[in-house]
Amino acid sequence: MKTVNQAIEYLIAQASKTQLTESRSLANALGCVLAKPVVSAVNVPPHDNSMMDGYAVNTAEIQIGRSMAVSQRIPAGTQPEPLAAASVARIFTGAPIPSGADAVIMQEQAEITEQGVCFQQMPKSGESIRRCGEDIAVGAEILSSGHQLRPQDLALIASVGQAAVEVYKPLTLVTLTTGDELLQPGQAPQPGKIYNSNHTNLMTLVTQLGFNWVDMGQVEDTLKATQAALSKAAQLGDVIITTGGVSVGEEDHLKPAVEALGKLDMWQVKMKPGKPLAFGEVMGKPFIGLPGNPVSAFTTFNLFARPFLLAMQGVTDLMPPSVWLTADFDWPNPGFRREFVRARIENRDQTSYAQIYPNQGSGVLTSTVWAAGLVVIPEDQVIKKGDRVEYISFNDLAH
Ligand code: AMP
Ligand code: MG
């Protein structure tokens, strides 16, 4: 049996990073992964500029209570003249500081007089000036390669004047589900059959992470059909993901089919829900076989397939952040497997509590809908109300 961490580490080590890159406009790059660092060709701000609407002054020339002439007006977006001696300049937020001025006095601290303007407080040199390059200096690396682009990252790239970025081409994932008991949603119910929910789950998990998705639907539970579907999948995509058929029942044809076309490791991972997991290769393409139970498929996709796929896509930050919450539940019976328990947060008395769904069965999809994340119960551990527990939000698994 592998521990959860051993399985994750092994998978990440096996993930070979894609080499294909493409240039994308900022409008088409959300969620993409940078293949090159972004280096700024400009200073931000590009010039010393005013933080306020007010007056640009030379502090050496200011005297409290004495009027000074206003020699120029500098709106944002214009180019000022040098500051004339013994004068001040009317200036607006973002406008360049004229040479000769070393501070801005905000307009609320200025009094308009017949001769111009007079001040009641002595400014400090540098006051209310944003310095050239203060946020970003020319040549600075503002984002590193392997970073997955969020809205604020794209805004930062725009702020240094770049309209496009070099990103890794999104990989294509092929999914297929196994099991002759499965009906497609939309079909009429039939005795002995259940609806296929993993198909929809995989489709959305994969596309939510930014991958291209090729749907091979459902494969008939025979060796011949499974082998044919897998070889087609290997031709269509970069990675193959299946659900079901990884326990070693008689009806499970995935194992021999994958072995005939490549290689396969069957793992028992020390976790709940989940446990059986298959990893291998079909005609040179990585293959991940998730368990059939819907909650197990969902959990193992997020814990194992996600970091593996992101590593292949070139992402450097692979693991979701976790937070620590106060348990609002008792977990009296320790298990030898690590448990990933469907949970959500309740805030009360300025404390964030983790509540867990009463039915944690691995087929109970309602638990994943009620929940907003997973509480991690370590191996061999008892939890009492009030203990601190680790929680991973589904939101942090969605990218
Ligand atoms: P398996 O791993 O194929 O033995 O399946 C384990 C359990 O998950 C069985 O009860 C299956 O009926 C169920 N199952 C397998 N695949 C799916 C699916 N695509 N959608 C819903 N349930 C499934
Ligand atoms: Mg099956």
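Leaving aside its neighbours within four places in sequence, E61 is in contact with R66, M68, A85, A86 and S87. In this predicted model, E61 sits in the loop that runs between strand β4 (54–57) and strand β5 (69–74), and the side chain of E61 reaches the backbone nitrogen of A86 at 3.1 Å. With a relative accessibility of 26%, E61 counts as partly exposed, because buried would mean under 20% and exposed over 50%. From C-alpha to C-alpha, E61 and S197 are 76 Å apart in space, while in sequence they are 136 residues apart.

We can now turn to the salt bridges, of which a search of the whole structure finds 9. One of them joins E259 and K255, whose closest N and O atoms are 3.5 Å apart; both residues belong to helix α5 (residues 254–261), where they lie 4 residues apart, about one turn of the helix. E259 is partly exposed at 39% relative accessible area, and K255 is partly exposed at 29%.

Another salt bridge is formed by the side chains of E281 and K263, at 3.9 Å from N to O. Because E281 lies in strand β20 (residues 276–282) and K263 in strand β18 (residues 262–268), this pair ties together parts that are 18 residues apart in sequence. E281 is partly exposed at 31% relative accessibility, whereas K263, with a relative accessible area of 52%, is exposed.

E346 is partly exposed at 29% relative accessibility, and R348 is partly exposed at 32%.

Methods
Residues numbered from 1 in each chain as written. Chains lettered and ligands numbered in written order. Predicted model: local features only at pLDDT ≥ 70, side-chain atom pairs only at ≥ 80, totals over all residues. Heavy atoms only, no water. Helix = DSSP H or I, 4+ residues; strand = E, 2+ residues; numbered from the N terminus. Buried < 20%, exposed > 50% of the residue type's maximum accessible area, 1.4 Å probe, protein only. Contact = heavy atoms within 4.5 Å. Polar contact = N/O pair within 3.5 Å; in protein donor to acceptor, adjacent residues only side chain to side chain. Salt bridge = Lys/Arg side-chain N within 4 Å of Asp/Glu carboxyl O.
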